[in-house]
Every structure is written in structure tokens, then in C-alpha cells.
Amino acid sequence: MNDNLTNGNQIQIEDDRTGIDVQTLKRAFSDNLFYALGKFPEIATKNDFYMALAYTVRDRLLRRWLNSQETYLKQDVKIVCYFSAEYLIGPQLGKNLINLAIVEQVRQAVEECGLNLDDLIEQEEEPGLGNGGLGRLAACYMDSMATLNIPAIGYGIRYEFGIFDQEICEGWQVEITDKWLRYGNPWEIPRTEATVEVGLGGYTESFYDENNRYRVRWLPDRTVKGVPYDTPILGYKTNTANTLRLWKAEAPESFNFQAFNVGDYYGAVNEKTYSENITKVLYPNDEPIQGKQLRLEQQFFFVSCSLQDMIRLHLATQENLDNFGELFAAQLNDTHPSIGVAELMRLLMDVHDYEWEQAWEITQKTFAYTNHTLLPEALEKWSLGLFGSLLPRHLEIIYEINRRFLHEIRTHYPNDVSKLSNFSLIDETGEKYVRMAHLACVGSHAINGVADLHTQLLKQDVLRGFYELFPEKFTNKTNGVTPRRWIVLSNPELTELITSKIGDNWITHLEELQQLEPFADDPNFRNAWRQMKQQVKTRLARRIEKRCGITVDPNYSLFDIHVKRIHEYKRQHLNVLHIITLYNRIKKNPNIDIVPRTFIFGGKAAPSYFMAKLIIKLINSVGEVVNNDPDVRGRLKVVFIPDYNVTNSQPVYPAADLSEQISTAGKEASGTGNMKFSLNGALTIGTLDGANVEIRQQVGEENFFLFGLKAEEVSQMKSQGYNPWEFYSSNEALREVIDQISSGLFSPEESNLFKPLVDSLLYHDEYMLLADYQSYIDCQDRVSEAFRDWDNWTRMSILNTARMGIFSSDRAIREYCQDIWNVQAVPVKLEDYVQAKGCFKVDPNRLLTTSF
């Protein structure tokens, strides 16, 4: 603060970079528009105003961020390093305003400048850094670690382009380049002095060093620079701001002057183009071999950059790497970063001269592995040819890890040769592959699933052998979501209603939502809850009309919402079978008494996933018929919200009456969308799959609509020879629906359009839609009957929210800290930055040569 005297009284004037009163914020906003962007209001665009406001808010993050880094550096704390190929962080402005607790001050300041805060928040581009639940979980965990004062760095890739922007054209998904960085990113700060180099390709050579010790030298044929870009991740009403460090690939030399001089103009920039391709796009199409290679390059690139960065940070305060695993906890978010096991071994042995045994001890102590899938195809494998050509030294290390590990297996199972092939890090059935999940399991000290059922299935099936061998490694850590984004930011109406009854401590202690339970029996509170729900449904209805051109009824219609990645196992097409079943009932009796429903879908299909894209087309084709049939009279509406992402999802979760969580039992690892829906008061229709099991236990069986086969029943039915044709032929309603799709009723211009989908259901039905159809229809009928009793439905809705406190990402992070990471909270003291005293003097003997 600057102190001035006026009329004998001392007044305080806030610093423009840290102050939070309205007048200070207005000055800072104006200064950033003028000095940071070089604009004055008359020529500024809406994006200019957004950028100026973002810089204003970022200034208020920076002192917390720098104080946090300074605290960690001085105290030698243990730091969590979260390795994730995705961070679906969503827009930052609204979240940071909430975490700084300055929403109302900024709103007033912006309005006094003649602008609307909500408009500026909506101006922000969605960061194209993730796709689905994996990346969103990483973002929630970063939020929770900062909120809980846990020292952490999130490591990942700074993708220049996101997976894609989705448009719907004539019912089909069309992929548009996601140019999320085209106007710049005000939240990130490049740290070019902390650049590292990553090798690719080449060959290895062995030698004996001066101490006559056997050593290996890797001689890559290509080198790529990794440039870090840092984004502060602020906790809620805390002084802790952790770092999200994302790596961009660049060429060591961006311009080949010699090539240019001899007229090779394309060759002069070829290396730059080739290197930058590594971080060009999130998840390249990995069908062709070039795509597979690029995917592996991406994974190794960010992991190598991150481990080199961790070692650099460690050696800045420590003499050696002996205690590396005691000061860093590296969590592998699925198999994508599992190459880190081999890379850390290489860095320790080849660069820092550790012997194998000590390097292996450090590596295992450092890494822990989270498995996110039960689908065999998602457990990454790399062909030996591709892997060896790109990472020859790492393949040698993996062979040695495997040799030593299989020796352990022979000792443990002396009379069982089959165990060797089951456990081997190399899959030798046909073309040889490196099994990355096996590498992660062997190289980590802890392995966890992300829901109780998922963890049990890992132990019983996917990773059964490793569980039998290392039972002490396995633990469950059920996923969670952050209430700051998914209630406070997304649903201010619900936030206000909850806080009016139980205070606001629930925002960081979500278990306190239990205090809402008694209010479920209060008629006045139920009425207030219904009014709140009406408001958020009306808000979504307006967005749907604006975005999709479809008018929906928020007053009497049940909002039945199914939003997630489009995949056959998530069974969006089972939902469509129900829609057609209801449509058929209306066509047979136009005056039937039916509960009005608005079916809302959203999600992206992978560009090369034909069947998923055909499901999107089916949803839209059925919607075209149902929405325009005069017999329906608006009682059924089908909506597909395009480009489903964090931004577009925030109005959706609060508005849901019914949450569709209908994946085939035993296929979904956990799910977090189911948690977001229930937290916002939606009732769930679902199978006993993923976290549905625990949600049902928490909210009560009577407040959950259960249907379908259990995971063990799915397995048993398949082992006995499942025949979907039997269900088709014996169920008249199902047969009618399938025949309508097959006949072209919903695709009159191309009657065979949906034949691949129909054939898949009738002759394969991998995900058991036909087996679960009748159970699903019967359960949906129970949903309709329950919805007729609005008062009791509201009571069930309140209880869903009140009993969901366990599904906070804060709870999950506390469990990781206690059971896996052995990390303690480190409170950060906020030092006041006084501009007038902001001078400093540096000891030249301690001048750093590289950036932190």
C-alpha cells in the first residue's frame, strides 16, 4: 500500500496490480487495455476487452503464484508432479474470479466501464488441451491440489490445435480445426530459458568409462527443443497457486541458412515444421503408421521434457539425485506417460551415472500409476519396429527391465511357463509389441483404479497377475470433481440456494452438503428448489434455441440428458431406441397420456470412428422426424448440442432432470459426468457400472433408476454364446424399432444408411444393447411415473445433491496424498507487494543461468 496524508488523516491507495476495490480494478483494466494491448476503448474489440480483463485478473494471481514457488523452493517440500496427456481445464476467467473471490467487484468495475462481465467471460476461447474425462479429471485434481495447499506441478503438452471443433451438417459430425490460440492466451507465460532438448531415433553404442564400468551412449539422429509455457492454477480462497507447465516442440534451429543460400527454400524451414508437428494437434489420427509414430513422439516428448525439468529443479537445491523419489511424487495419468519409467532410468544411468539397482529403486519410488480403462484396446501397445526405431535406448532398457522381472516371475512361479508370456513387457503373440501398462505396473510403487468396481475388475481381470504378485501396490481412488467449477461457477442459482441454508463452507468441504437433507422435507425449500431448477432449465432452453434452432419446453418437459464422448460402449444408440419406442406409442395413439421429454445429446466422435459418427447421424435423423411430426405435438424433442466441451457443458449439468449413465456394465472405469449431474440435483438412470455403483450407494437405491445386466452377468452371457437375434425376434417392440431404422424411416433419401449399425446390433452386439433393451424401457417408464409427482421428484433431487459430498476431487486428492504420495499440505503466506518498495538487489554470485 502507498500511504498519503489528506487533511491530517492517513488514507491507503491500493496498488494497481494487486488491489481489488472497484476503482483500482477499473484503473488496472484501462491500463492493460492501453499498455498491454495498445488499444483505446473506441477501437477496441470485445476480445481486446476480454484480454485486458484477463491480464488484470492474472496480475492478481501472480503474487500468489510467485509466493508459492518461493515457499516450495525455500522449504524443500515434496512436490506432486502430475503427468497427463490431457488437461481439459476449460475457460479460466470465470474460475479465477471465483477463486480470488472478486466476482462482484469485477462485475461492478466492468459494468461501470459500460461492458457486461458475462459477455467477456463467454468471449474466452476454450483451451484445446483435452478431450474427455481423463483431461477433465486432471483439471479437477489441479484445482483441488491448489485449494488444499498441496505443492504440485501439472506436466503436459501445449497443443497448438485442440482435437477439433465439431459442427453438425445435415446430421453428420464435421470436424473443424480448433484454432484456440489464434488470438493468444493471456494466462500463460513462456519460460524459454528453461528449454530442454529431447532426442529421437538414431542408435546406441556401448563403452567402458574411466572407472571400467559398462555404459551405453544414445546417439539420436534428431533433436527437438521443448519450450515450457506456464499457467498459474489458483486454489479457492487460498494463497496457493500451482503451476501447469505445458511443453511446446520447436526445432533447435528454426532456419537452415545454408539450405536457403543454395536455393532449397523448403529445406530451409523443413526442420522447424517437422519438429513443431509433435505438439501441433491433440491426438493425431493414429490409424496410419505416421499417426502412430507422432502419437508416440508426443508422449515421449512431454515425459522427457518433464523429467529433465524435475531433475533440474531438484539439483538446484540438492547435491545429487539420491533422494529424488522423496522430494517428487510422479503420478502417471493412464498409460500415455508410462514411457517415463524407461526415460527416468535412462536419465539416471546414462546422464547421471547411477548403477541399475539404485536407479531402479529411485524410479519405483518416484512413480505411481492410475489406470483409467477396462477396454483392452485402450491399454497402449507399440510395435517393436516403431518403438525401436524411435527410442532405441529405451527399448534396450525395457528389455533389461523385462529380463530381471521375468527372472522374478520364474522364482515366484517355478512350474508355470505360461506366466512368463502373461507377465512379459513384450507381447510376442504374433507381431511383437511393448505393453505400456505392464511397464507402468512394474515401474511404479502404487497402482490404482478410479472406482470401486473398476479397481475390483482390474484385480480380477485386466491386471490380475500383477495384483496376485504385488497386492500391496493396488488401491482404489474413486474419482471426484471440483465443486468450484461444477456448482459455484456453473450453477450460481443452486450455489445461492445451498449457501442460504448451510453457509458456504461446503464449497471446500463438500461433505457438508449432508446438512441439506432435513430440508428435503421442507415444502418451502422444495418449492425454492423447483424454482431454481426452472431458472436453469429456462437458461439452457434459450441457448438451445439460439444454437440449434429448436424450441424446447423448460416448464413441463423432463430434461433427459446424455452428454459424453460418443462411443458404442456408452450406448447413446440405446437411448435412441427408447426415443423411437416412445414415438411409436404416440403414432399408435396420438392422444396417449405421455410425460413430455426433451432428449439432449452432446459429445464428439473420434474422426476415424465410423460407427460413432453414424450414431450421431442417427440421433439427428430421429430428431428430424420426431421434432417435426404433428402427432407428437412437441411432447418429445430431440436435441444434439454441437461442439460439446467445458464451455458448452456448464449450462447443461445444472438443467438436467435425468442423467443418462447407461454404459454396458463392466466397461466404464468411473465416469465423472455422472457425479456432476447428481451434484446438480439430477436423478440417474444407469447400470451398475463405474462410479454409478458408489453413487447409488450414497444417494440411496430409491433415488436411483437402476436397470440392466451386471458386469458378471454380461461376462457370463457372453461366455455362454450371446445371441442378440433371440432378443430381436422375441420382443415385438424392439423388433419394430430395429426394422424402422433398417427400413429407412429415418433416412428416406438413403434407406440403407444405418445398415452397418443395425447389422452390428443383430449379429454382434458387443455392448449388449438388445439384451438390456427391455429392462431399460421398463426403467424409463418408472422414470416417467416418478416425474409426474413433481413434489417427490424434487425431494429426490435434493437428496441426490445432499448425499454427493464424497465425490469431491478434494476428497480424492486427500486420499492420494495420504495413501500414495506421502505429501503434506504447505500453506503459503502472502507477502504484500508494495510497489513503492519494489526495488531489489541481486547477489551476482547467486545469479541463475536458467529459469525456474
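Visitor: Let's start with I498: is this residue buried or exposed?

Guide: The general idea is to compare relative accessibility with a cut-off, and buried means under 20%. I498 has 0% relative accessibility, so it counts as buried. Keep in mind that this is a predicted model.

Visitor: Where does I498 sit, and which residues does it touch?

Guide: I498 belongs to helix α20, residues 492–502. Setting aside neighbours within four places in sequence, its contacts are G503, W506, L513, L516 and T801. Take L513 from that list: I498 and L513 are 15 residues apart in sequence, and their C-alpha atoms are 8.2 Å apart in space.

Visitor: Now helix pairs. How do I describe the packing of α22 and α23?

Guide: In general, two packed helices are described by the angle between their axes and the distance between the axes. Here, α22 and α23 (residues 610–628) pack at about 15 degrees, with axes 10 Å apart. That makes α22 roughly parallel to α23, since angles under 35 degrees fall in that class. The crossing of α22 past α23 is left-handed.

Visitor: Which residues make that contact?

Guide: From α22 you have Q572, H573, V576, I579, I580 and Y583, and from α23 I615, L618, I619, V622, V625 and V626. Sorted by class, the contact has 10 nonpolar residues, 2 polar ones and no charged ones.

Visitor: What else does Q572 touch?

Guide: Q572 is in α22, residues 572–588. With 0% relative accessibility, Q572 counts as buried. Leaving out residues up to four places away in sequence, Q572 touches I615 and I619, and also H562, K564, R565, I566, H567 and F601.

Visitor: And N575, where is that, and what does it touch?

Guide: N575 lies in helix α22 too. N575 is buried, with 0% relative accessible area. Not counting residues up to four places away, N575 touches D560, H562, F599, F601, E660, I662 and Y776.

Visitor: On to sheets. What is the strand order in the open sheet of 6 strands?

Guide: As a general point, strands of a sheet pair through backbone hydrogen bonds, either parallel or antiparallel. This sheet reads β22-β21-β20-β23-β24-β25, with parallel pairing. β22 (636–641) and β25 (704–706) stand at the edges with a single partner strand each, so one side of each has no neighbour in the sheet. From one strand to the next, the twist averages 20 degrees.

Visitor: How many bridges join β24 to β25?

Guide: There are 3 bridges between β24 (residues 683–686) and β25, and the two strands run parallel. One place to look is T684, whose bridge partner in β25 is F704.

Visitor: Which strands does helix α33 touch?

Guide: Helix α33 (residues 790–802) packs on the sheet and touches β20, β24 and β25, making about 85 degrees with the direction of β24. Helix α21 (residues 523–548) lies across β20 (558–563), β21 (597–602) and β22, at about 70 degrees to β22.

Visitor: What is the order in the sheet of 3 strands?

Guide: That open sheet runs β15-β17-β16, with antiparallel pairing. Its edge strands are β15 (381–383) and β16 (426–427), and each pairs on one side only. β15 and β17 (residues 433–435) are joined by 3 bridges and run antiparallel. Within this pair, K381 stands opposite R435 in β17. Helix α16 (residues 436–443) lies across β15 and β17, at about 40 degrees to β17.

Visitor: Last one: how many residues of strand β8 are buried?

Guide: 4 of the 5 residues of β8 (residues 196–200) are buried, so the strand is largely enclosed by the rest of the structure. β8 pairs with strand β11 (residues 222–234) in the antiparallel sense over 5 bridges.

Technical notes:
Residues are numbered from 1 along each chain as its sequence is written. This is a predicted model: local features need pLDDT of at least 70, side-chain atom pairs count only at pLDDT 80 or more; totals for chains, interfaces and linings use all residues. Side-chain values use heavy atoms; hydrogens and water are left out. Two strands pair if DSSP finds at least two bridges between them. Contact means heavy atoms within 4.5 Å. Axes are lines fitted to C-alpha atoms, for helices over the stretch in contact, and angles run from 0 to 180 degrees between N-to-C directions. Buried means under 20% relative accessible area, exposed over 50%, partly exposed in between (1.4 Å probe, protein chains only). Angles under 35 degrees count as roughly parallel, over 145 as roughly antiparallel, 65 to 115 as roughly perpendicular and the rest as oblique. A crossing is left-handed if the near helix is turned anticlockwise from the far one by less than a right angle, and right-handed if clockwise. Ala, Val, Leu, Ile, Met, Phe, Trp, Tyr, Cys and Pro count as nonpolar, Asp, Glu, Lys and Arg as charged, and the others, Gly among them, as polar.
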